[in-house]
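Thanks for making time this morning.

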Amino acid sequence: MFDPDIAPSGTLLGLLQRGRGDGTLHALAAPRAEALAALNDSVLRDPRRDWQVENRSLYYARLYMQIDGGLEEIERHLFHPDDLVDTGEERTGLALAVLGHLAAYGRDAARLLLRSYAAAGSNWRWALDELALRDDDAGLMTLAPAVLARFPETEEGEAELAAAVRDAFEPRPWRLWAEDPRYGARLAAAGEQGSFDRWQRQLRPRGPRPGWSVSEILQWAQEGLELEPEEHRYRAAARCLGAVAGPEDRPELLRAARTAPDAARAAALHHLAAGGDPEALDLIEAAVGCPLSSELLISAALASFARMRGVAAVERARGWAARGDRLGASAAAMLARRGGLHDTELVLAALRRTVREEGPDADGLWELVDGTGRLGVGCAAPVLRHIYRETSSSHLRGRAAAALAATDPGFAAGFAVECLWDCEETTRELAARHAATGDDRVVEQLRRLAADPAEEAEVQTAVRSRIGPES
């Protein structure tokens with residue numbers, strides 16, 4: 001995850017970067033050169049807050065088709081000298097995914113560009129996966145010499161080839177090449193080595209063994225933190241405690257949850273909270289409130305609280321929700337998930353406070369936005385509209401749209417219309433179910449979505465529920 005540079009939401013570039021439906025509508029109304037420049041900027045400088053989760057590629061590919069945009073800028077970006085040094089998937093992944101959709105739409109230039117990059121580019125695996133879904137057998141066969149040449153016929157090269165075959169997201173090219181006598185023997189050996197590697201990993205478990213005691217599991221959790229600070233074993237240790245610990249071990253677990261080193265303490269807290277221990281809530285409050293607590297311990301305590309399902313946790317959340325610290329935010333999130341109608345004021349206050357203090361991209365907004373929709377908090381509509389317009393997260397915008405559908409009577413004739421062009425399929429599905437068909441643009445877009453082979457099945461199902469075959 002990284003922090004992209006996002007333009008203001010009122011600009012064409014800002015709308016396209018966010019993947020909003022209004023971005024497409026404004027681009028189609030803008031001068032073509034201006035629209036293409038903003039589109040290229042969005043594709044070549046990935047604007048997503050989380051590039052592994054948020055969708056943009058189909059959204060941008062559709063706009064390239066609608067404005068008949070050329071691919072020269074994408075080609076320059078892919079084959080720029082930076083590709084030799086900056087080999088991270090986030091630099092080229094979005095552009096390659098856009099090319100994949102364009103190839104599916106019949107743009108031969110996109111397919112040829114993907115082939116060229118798969119043969120010579122650093123992110124060749126991604127390009128090969130795109131081609132595996134869209135290219136024919138003949139096209140994929142032409143890539144075999146270039147791809148296999150990346151792996152020298154040495155011990156190290158063969159190990160790298162085995163890993164590539166084993167970890168391929170789309171295995172079709174490798175299977176196709178394995179049927180060719182020129183490459184079959186080598187790829188068969190690589191496939192066998194990959195299977196052997198998986199088997200070897202299964203024979204080398206690093207976790208607790210049968211017969212371990214509670215103290216040994218807690219010690220194992222702490223050793224993980226001391227040996228590998230980034231490897232947090234406390235969750236795995238808590239699961240092991242669930243299988244090992246009995247009622248007679250409760251005093252030891254309570255002591256560990258109060259005074260043990262951080263990782264062991266986190267494991268004990270997690271276990272006690274999962275079992276609904278009556279002292280777990282006090283222990284969580286003490287861990288979060290102590291100024292000497294580490295970030296690991298605070299995060300583990302909050303995660304333990306969030307997983308609690310008992311009535312006592314909800315009651316305690318009502319008392320904590322007004323706090324201005326992280327425990328208050330976690331309590332408000334619990335009320336958003338599990339509270340009743342009498343908790344609407346606490347949830348709404350937390351939503352407003354989070355937006356005011358942390359902005360429309362705050363991590364704590366997700367559950368609060370969901371909660372306002374679940375509880376039907378009508379007076380939350382203004383702040384939900386603000387989040388919808390300003391957030392750079394297309395997932396959070398989709399959640400805001402869902403909350404508005406439940407709280408804002410004007411949603412069907414307002415934001416629901418532009419949501420038909422949104423980059424997220426769940427948001428388009430929501431719009432297909434709610435957008436008022438009195439607007440001619442709505443009916444036309446519903447027909448386009450119904451006829452588009454690239455559209456998700458859930459969206460098309462929602463569209464067909466609004467328009468029949470006679471339409």
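**Salt bridges and charged patches**

Let me begin with R337, which forms a salt bridge with E367, the closest N and O atoms being 2.6 Å apart, where a salt bridge is a side-chain nitrogen of Lys or Arg within 4 Å of a carboxyl oxygen of Asp or Glu. This pair links distant parts of the chain, with R337 in helix α21 (residues 326-338) and E367 in helix α23 (residues 365-375), 30 residues apart.

Before I go on, please keep in mind that this is a predicted model, in which local features need pLDDT of at least 70 and side-chain atom pairs count only at pLDDT 80 or more, while totals for chains, interfaces and linings use all residues. Residues are numbered from 1 along each chain as its sequence is written, and side-chain values use heavy atoms, with hydrogens and water left out.

Across the whole structure, a search finds 36 salt bridges. One of them joins R56 to E54, with 3.1 Å between the closest N and O atoms. Are these two partners buried or exposed? R56 counts as buried because its relative accessibility is 1%, and E54 is buried as well, at 5%; buried here means under 20% relative accessible area, exposed over 50%, and partly exposed in between, with a 1.4 Å probe and protein chains only.

There is also a network of salt bridges, which links D108, R111, R115, D135 and D136.

Conventions: Helices (H or I, at least four residues) and strands (E, at least two) are DSSP runs, numbered from the N terminus.
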